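Student: I have a model open and want to go through it by question and answer. Where shall we begin?

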Amino acid sequence: MSVYVDVIRYRELFGSLFRRDIRAKYRGSFLGLGWSLLHPLVLMLVYLFVFSVLWRVAEVGSDDYWLFLLCGLPAWVFFATASQASSRSLLENANLIRKVRFPRQLVPLSIVGTNLVSFAVMLGVVVVLSLWQVPEARSTVWLAFPLGALFACIVAGFALMVAALNALYRDVEHLLQALLLPWFFLTPILYSLEQLPGVDDYPAAEFALHWVNFLTPPIEAMRAVLFYGDAPGAADTLYTVVAAVIALAVGAIVFSRSDDRIATEV
Amino acid sequence: MNAGEISVEGVSRRFRIHAREARTLKDLFVQRGQTQATDVWALHDVSLGVERGQAVGLIGRNGSGKTTLLRLIAGIIKPTAGQVRTEGRIGSLLELGAGFHLDFTGRENVFLNGAIQGLRRADIKERFDEIVAFAELEHAIDRPVRTYSSGMTMRLGFAIAAFLEADILLLDEVFAVGDEAFQRKCFGRIFAFKQNGGTIVFVSHDASAVERLCERSVFLDVGRVAFDGPTREAVTRYRRALADDANPAERGAGLREWGSGEATIASAELIGKEGSDRLQFLSGEPFALRVSVAAPDGVPPPRLQLELRDDAGSLLAGHAVDLRGLGWAGGNGQTSVRFEIGELPLADGRFHLRLGLTDESGEHVYHWLDDALQFVVYPGGDERGVVRFEGRWMLEENSATR
């Protein structure tokens, strides 16, 4: 697990890379960090307009659909942007990687870090909105943060793996990009799994959506504490913990096994 | 192992070269079994030990494995077989300005690059002014690197690496920095690093640059150590190999040497204050020339001619000495003579020594070496130009105030 220990050992370097990536992301932009809010906000407004106002398909029992949507979106946006940006990160830093010795996993992990900042801001906003709109969630809302941290582990492991693979096989980033759109619709963000009319006829599909898609359990768990004011489901929570551990392990193994080839092939 | 030591034991490194530039998943799955990967051994069973304070040159043709060896020592890649061990902090200057972020200012890049090279923020802060002053970028340090000329970028890259305070410095073709004056300044800095006990491994195509810095060199040929020893010999072998490639007739054409051959100059070397053979000096340092002369029985003791010339070939100083006058009666085959200068009166630049052996009249040339020795002088302080001023300033009586 030295892949992650190095982040602590080289924390000054990690800090420098992190500052670089943050500044590069928001450099010269008027809104600065506000961009990280604007993106999900615009997404949410569009979805809200299409599904709630025009189509009226995804009513979630109340007119809080906007909050329902907002409880699932931050996690998705974090996952999608972090994994896409880190898939390219090693190639973008090829010059550095070929010429200087440093723990190379810091490059994608720093990208995950900058996206984690946006995620934390979004999650904070959602928590505030939830406290304001959902009185019954007041005792559970804080659980969104440990769940968010576990989710960040899943994203970090996945991003490491994608970054390493993309350095070796250049079409991984395109494959990922192509996968993200269907993946979004196969993740219960716009809709709730329980309220899909078709799930009764296709229990296998529901099972796959819930348990094969490793993003579903953490998102369901976060929505339980933020939107419904329930304790997160035991199965979802356990799944999230296990998924976080596996993702970190797989990310570390893939990265360290390809580390030497990364230096020669980027 | 002590800090500054490098040990390379039986190292081989294989690269897998794919037919196409970058492999894709598509190749992996669609054309399974057809992907043509060829193995190339960039290094083959290379062993090499470098002691603290040594400067070792790596020379060889393109593709001989020089840069691969440097990247292995730097730890950027791992050996396929064998072991590379290093002790102490490694500063690598494999490419100047690698990792500069163009949108960031010079100042921000100093901190970022320093961090990547393993420096702590506080250390960089401490040396920041020195780095900027060395790079001569005081006026531009708060401008984005995007606006720098390539020379400015390289100067900044060099300055950061030069102030790393590493135990081992790895250099790869880095002396194309800026104008000639700046190049000499860089060389001076690296030379000072070496004088202070730093270890250097220096890769270059330019044999004369290696000669200037390193006493010992390794000549790599197609991934194997073809020679490991004194730089002059390594360079000779390298040049011979190059000449073999190009045109066998050119071999030796660079050696400007003639004479009747009754007496010969067997060897010549320059000696620094510590008594060892070297080719770089700081201005004002003690300097000595040692020449071995071979004159068989029957040849009267010859006269040794000495000429100092600059890069353009202009004569700066000439001198001759009768070996008989030094007390050599001749007849016993070989002798060594030594010419000592207490404080080298040269300031800055590259110099050439011509040596000749003539009879006592100076008319008959026994042996003449047009470019017997080349050496470099770095300014030790604020000297400029070719010649070092020797003198003292003093205040004369100040009549104006009286």
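Tutor: This is a predicted model.

Student: Is the crossing of helix 10 of chain A with helix 11 of chain A left-handed or right-handed?

Tutor: Look at how helix 10 of chain A passes helix 11 of chain A. The crossing is left-handed.

Student: How do the residues of that contact, between helix 10 and helix 11 of chain A, divide by class?

Tutor: Helix 10 of chain A brings Pro217(A), Pro218(A), Glu220(A) and Ala221(A). Helix 11 of chain A brings Asp236(A), Thr237(A), Tyr239(A) and Thr240(A). The division is four nonpolar, two polar and two charged.

Student: On to chain B. How many helices and strands does chain B have?

Tutor: Chain B has 402 residues, and buried residues make up 38% of them. Its C-alpha atoms fill a box of roughly 85 × 75 × 40 Å along the principal axes. Of the contacts in chain B with a separation of 6 or more, 71% join residues 24 or more positions apart. The count for chain B is eight helices and 18 strands.

Student: What distance separates the centres of domain 1 and domain 2 of chain B?

Tutor: Domain 1 of chain B is assigned 6–20 + 36–245, and domain 2 is assigned 257–378. Their centres are taken over C-alpha atoms. The separation is 34 Å.

Student: Which elements give two or more residues to the side of domain 1 of chain B that touches domain 2 of chain B?

Tutor: Nine residues of domain 1 of chain B are in contact with eight of domain 2. That side of domain 1 has three nonpolar, two polar and four charged residues. The elements are helix 6 (180–195) and helix 7 (207–213) of chain B.

Student: Now the chain pair. Which element gives the largest share of the side of chain B that touches chain A?

Tutor: In this interface, 26 residues of chain B are in contact with 21 residues of chain A. Helix 1 (25–30) and helix 3 (106–116) of chain B each give two or more residues. By class, the chain B side has 13 nonpolar, six polar and seven charged residues. The largest share, four residues, comes from helix 3 of chain B.

Student: What covers the buried residues of helix 3 of chain B?

Tutor: Helix 3 of chain B is mostly covered, with 10 of its 11 residues buried. Among them are Glu108(B), Val110(B), Phe111(B) and Leu112(B). Just after the helix, Gly118(B) takes a positive phi of about 95°. The cover includes helix 2 (11–26) and helix 5 (94–99) of chain A, together with helix 4 and helix 5 of chain B.

Student: Is the crossing of helix 4 and helix 5 of chain B left-handed or right-handed?

Tutor: The axes of helix 4 (residues 121–135) and helix 5 (residues 150–162) of chain B come within 8 Å and cross at roughly 140°. The two helices are therefore oblique to each other. The crossing is right-handed.

Student: How do the residues of the contact of helix 4 with helix 5 of chain B divide by class?

Tutor: From helix 4 of chain B come Ile131(B), Phe134(B) and Ala135(B). They meet Arg155(B), Leu156(B), Ala159(B), Ile160(B) and Ala162(B) in helix 5 of chain B. The classes are seven nonpolar, no polar and one charged.

Student: Where is Glu136(B) placed?

Tutor: Most residues other than glycine have a negative phi. Glu136(B) is not a glycine, yet has a positive phi of about 55°. With 16 C-beta neighbours inside 10 Å, Glu136(B) counts as partly exposed. Its place is the loop between helix 4 and helix 5 of chain B.

Student: And where does Val222(B) lie?

Tutor: Val222(B) has a positive phi of about 35° although it is not a glycine. Val222(B) counts as partly exposed, with 14 C-beta neighbours inside 10 Å. Val222(B) lies in the loop between strand 8 (216–221) and strand 9 (224–230) of chain B.

How values were computed. Residues are numbered from 1 along each chain as its sequence is written. Chains are lettered from A and ligands numbered from 1 in the order in which they are written. This is a predicted model: local features need pLDDT of at least 70, side-chain atom pairs count only at pLDDT 80 or more; totals for chains, interfaces and linings use all residues. A crossing is left-handed if the near helix is turned anticlockwise from the far one by less than a right angle, and right-handed if clockwise. Two residues are in contact if their C-beta atoms, placed from the backbone, lie within 7 Å. Ala, Val, Leu, Ile, Met, Phe, Trp, Tyr, Cys and Pro count as nonpolar, Asp, Glu, Lys and Arg as charged, and the others, Gly among them, as polar. Domain bounds come from an automatic or database domain assignment. A residue is buried if 20 or more other C-beta atoms lie within 10 Å of its own, exposed if 12 or fewer, and partly exposed in between; C-beta atoms are placed from the backbone. Axes are lines fitted to C-alpha atoms, for helices over the stretch in contact, and angles run from 0 to 180 degrees between N-to-C directions. Angles under 35 degrees count as roughly parallel, over 145 as roughly antiparallel, 65 to 115 as roughly perpendicular and the rest as oblique.
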